[in-house]
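Biologist: Please take one part of this model and go through it closely. I would like the charged side-chain contacts, and then the strands around them.

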Amino acid sequence: MSKILFPTDFSETAQNAFVYALNLAHATQSQIFVLNCYEMPVISTTSTGQPDLVQDVYNTIELNHFERFKEQVPLMRKVAEEHNRQDVELKFIFEEGILLSVMRKIVKDESIDFVVMGTNGAQTLEKKLLGSNTVNIMNNINVPVLTIPKEAKYYGFNTIGFATMLRESDKKGIYTIAKIAKKLGAEFKCLHVLREEHSNYEERLNQWVAEFAPIGVTFHTVLNRDIEQSVFFFIDEYDVDVMCIVKRQTNFFEKLFRSSLSKKLAYHSYVPVFILREENL
């Protein structure tokens, strides 16, 4: 059984992402580890002069967080039932600490395969698309991360897109997503944006097509120097439900989500993004 880590603060954004996590877990026969993490404020005993009072404050904060956690657990189980996903095994974890540190520990200790999480709805463009926590996590977690924008609505996983530069390191990622697409019953379409024509391009593309055709992967090529625009047109043309991108050491990924195409970026904040790190492929 695969394992999905789902961090949540029980917000509307997180609850929306939970529906995606449930459906992904159902299709891939995965267990979901639902993590609720909180941080204690730093209170100086020097300023208060009453160490016992400080401890009482900490105890109260912890108790309040735990009470909310206990209230939300049955509500999340109810959501699973309402979406006919009560077959998905849920394991709830309540931890104090910095979210990233706690997540890294759980990923390692539980051999987590994927992270699914919602964005935080911040107002800046980059944060609106991914959320500050998500940006931090995708840079520091060694498993694929499926990010679900607040505005995304679940209509199924019918078409999965994958932006590839036809690098050898992309192949493992394509095979990984192809397995998921098969279990989901989804079409899997790869986009390659050719910024300028190359003499050996057609031969290389034909090799990739031949390799991946047996597992149902199709390739779509666009000649366009504007990579970001091509990705968005691809999402529109094929009604892509989830877009997969390999995060590289280069600035491609950051450029994609910091583009000046503000209207298109705002519109496509409705599309979940599956992030795979190049160094882990």
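Modeller: Start with Lys91, which is partly exposed at a relative accessible area of 36%. This is a predicted model. The side chain of Lys91 meets that of Glu110 in a salt bridge, with 3.8 Å from N to O. Lys91 belongs to strand E3, while Glu110 sits in the loop between helix H4 (99–109) and strand E4 (114–118), so the pair ties together parts 19 residues apart in sequence. Glu110 is partly exposed too, because its relative accessibility is 22% and the buried class means under 20%.

Next comes helix H4. Asp109 forms a salt bridge with Lys105, and their closest N and O atoms are 2.8 Å apart. Both residues lie in H4, four residues apart, which is about one turn of the helix. Asp109 counts as partly exposed at 48% relative accessibility. Lys105, at 53%, is exposed. Salt bridges with shared partners also join Lys3, Lys91 and Glu110 into one network.

Another pair lies within helix H3 (residues 51–82). There Lys70 and Glu67 are three residues apart, about one turn of the helix. Their salt bridge has its closest N and O atoms 3.6 Å apart. Lys70 is partly exposed, with 42% relative accessibility. Glu67 is partly exposed as well, at 33%. The count of salt bridges comes to seven.

Now the strands. E3 (residues 90–96) pairs with E2 in the parallel sense, over seven bridges. In that pairing, Tyr38 stands opposite Glu96 of E3. E2 also runs parallel to strand E1 (residues 2–7), and six bridges join the two. Here Pro7 stands opposite Leu35 of E2. E1, helix H1 (residues 12–28) and E2 make a right-handed β-α-β unit.

E2 itself covers residues 30–38, and nine of its nine residues are buried. Ser30, Ile32, Val34, Asn36 and Tyr38 point one way from the strand. Gln31, Phe33, Leu35 and Cys37 point the other way. Residues on both faces are buried.

Just after H9, Asp239 takes a positive phi of about 50°.

Technical notes:
Residues numbered from 1 in each chain as written. Predicted model: local features only at pLDDT ≥ 70, side-chain atom pairs only at ≥ 80, totals over all residues. Heavy atoms only, no water. Buried < 20%, exposed > 50% of the residue type's maximum accessible area, 1.4 Å probe, protein only. Pairing = 2+ DSSP bridges. Right-handed = clockwise from strand over helix to strand, strands pointing away. Salt bridge = Lys/Arg side-chain N within 4 Å of Asp/Glu carboxyl O.
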